[in-house]
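Trainee: I am new to this structure and would like to know what stands behind the terms used for it. Can we start with one of the ligands?

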Amino acid sequence: MQIFKPYLDDRVKALIDDLSLLEKIDIRCLPQSVAIIMDGNGRWAKKRGLPRAIGHRNGAERLRSIIKLSSALGIKYLTLYTFSTENWKRSYGEVAFLMDLMVEYLSREIDELHQNNIRIVPIGDLSALPLPTRRELEAGRNLTSANSGLTVNIAVNYGGRQELVDAVRLLAEQVCAGELTVEQIDEKAISDRLYTAGQIDPDLLIRTSGELRLSNYLLYQSAYSELYFTDVLWPDFSADEYLKALADYGHRERRFGKESSVKRGD
Ligand code: IPE
Ligand code: IPE
Ligand code: MG
């Protein structure tokens with residue numbers, strides 16, 4: 001089989017340790033939309049006898065290379081789970097740290113993201129966030145809204161069930177107001193009212209840290225996503241690990257209910 005490697009400039013190649021991984025990537029088989037459950041920061045820190053906060057900080061640092069590589073590979077959407085509706089159950093100190101980290105990260109990175117034509121789209125219920133976090137996310141969205149490159153969805157105070165509740169409420173309001181008939185409610189009507197309205201569904205959904213669950217992530221959108229689970233903890237999820245996930249995706253046969261078209265030897 002002939003593999004069409006992606007072309008990457010030297011600055012992007014510098015992010016990769018094992019360049020032979022590129023031999024395994026066929027640019028015709030790359031996902032257009034990738035979603036990631038960035039899990040395992042706490043365990044990464046615990047293994048090293050460090051406070052959980054250090055794990056979160058190292059996790060945030062990982063994003064630089066994953067975003068750069070996604071952009072260089074021409075991936076259109078990258079959806080990052082940074083804080084779930086369930087994460088409010090964590091200690092006050094941890095929640096406060098995560099909210100501050102988001103402000104710190106965005107304020108430091110936003111100009112470079114903007115220069116690289118990246119569009120930031122926060123998804124989730126921002127109204128419940130501390131004001132500085134909300135302001136930073138909204139400022140990032142406003143600054144980058146006209147960019148045409150990679151869209152980075154930042155899922156914060158995000159819950160798939162809450163997203164569906166919000167969509168159903170909107171539909172009900174529109175029906176009550178006579179703007180929509182019940183018959184007009186179809187799959188598109190629902191997806192048009194999700195936080196990800198207008199975007200394609202994730203082709204590939206990655207979860208790090210060995211947990212085998214969705215934890216309320218993109219429940220509607222992931223109906224036909226290819227799932228990739230790795231034991232690697234998020235702060236260790238390097239560009240090389242990302243390439244392994246993308247190479248694995250390239251070998252999946254996406255059937256969407258059809259019979260297999262793979263010709264087998266037997
Ligand atoms: C993921 O790492 C980050 C968030 C959920 C905010 P965790 O904090 O869940 O790390 P573990 O699962 O405890 O190792
Ligand atoms: C999912 O991870 C949420 C994020 C990565 C932001 P959790 O660590 O919160 O998930 P559970 O609680 O193990 O399911
Ligand atoms: Mg976790």
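Mentor: Start with Arg90: one of its polar side-chain atoms lies 3.2 Å from an oxygen atom of ligand 2. Keep in mind that this is a predicted model.

Trainee: What makes the pair of Arg90 and ligand 2 a polar contact?

Mentor: A polar contact needs a pair of N or O atoms within 3.5 Å. The polar side-chain atom of Arg90 and the oxygen atom of ligand 2 are 3.2 Å apart, so the pair counts as a polar contact.

Trainee: How do you know that the side chains of Arg207 and Ser215 make polar contacts with ligand 2 as well?

Mentor: By the cut-off of 3.5 Å. An N or O atom in the side chain of Arg207 is 3.3 Å from an oxygen atom of ligand 2. For Ser215, the distance from a side-chain N or O atom to an oxygen atom of the ligand is 2.6 Å. Both pairs therefore qualify.

Trainee: How much of ligand 2 does the protein cover?

Mentor: On its own, ligand 2 has 390 Å² of accessible area, and the protein covers 77% of that.

Trainee: Which residues surround ligand 2?

Mentor: Among them are Ile37, Met38, Tyr81, Thr82, Phe83 and Asn87. Strand 2, residues 77–84, gives the largest share of this shell, with three residues. By class, the shell has four nonpolar, three polar and four charged residues.

Trainee: Why is ligand 2 said to sit in a pocket?

Mentor: A molecule sits in a pocket if more than half of its atoms lie within 2 Å of the pocket's grid points. The space taken by ligand 2 is the largest pocket.

Trainee: Where does ligand 1 sit?

Mentor: The space taken by ligand 1 is likewise described as the largest pocket. The elements that give two or more residues to its shell are helix 2 (41–47), helix 3 (52–72) and helix 4 (92–115). Helix 2 gives the most, three residues.

Trainee: What makes Arg43, Arg52 and Asn41 polar contacts of ligand 1?

Mentor: Again the cut-off is 3.5 Å. A side-chain N or O atom of Arg43 is 2.7 Å from an oxygen atom of ligand 1, and a polar side-chain atom of Arg52 is 2.9 Å from one. For Asn41, a polar backbone atom is 3.1 Å from an oxygen atom of ligand 1. Each distance is within the cut-off, so each pair counts. Of the 380 Å² that ligand 1 exposes when taken alone, the protein buries 85%.

Trainee: How do you know that the protein chain agrees with a compact globule?

Mentor: With 266 residues, a compact globule would have a radius of gyration near 18 Å. The protein chain has 19 Å, which agrees. The chain has eight helices and six strands.

Definitions and conventions. Residues numbered from 1 in each chain as written. Chains lettered and ligands numbered in written order. Predicted model: local features only at pLDDT ≥ 70, side-chain atom pairs only at ≥ 80, totals over all residues. Heavy atoms only, no water. Polar contact = N/O pair within 3.5 Å; in protein donor to acceptor, adjacent residues only side chain to side chain. Areas by Shrake-Rupley, 256 points an atom, 1.4 Å probe, with all protein chains shown as cover. 1 Å grid on protein atoms, 1.4 Å probe; cavity = no way out; pocket = protein on both sides within 12 Å on 5 of 7 lines; lining within 4 Å. Helix = DSSP H or I, 4+ residues; strand = E, 2+ residues; numbered from the N terminus. Near = heavy atom within 4 Å. Nonpolar A, V, L, I, M, F, W, Y, C, P; charged D, E, K, R; others polar. Rg over C-alpha atoms; globule rule 2.2 N^0.38 Å.
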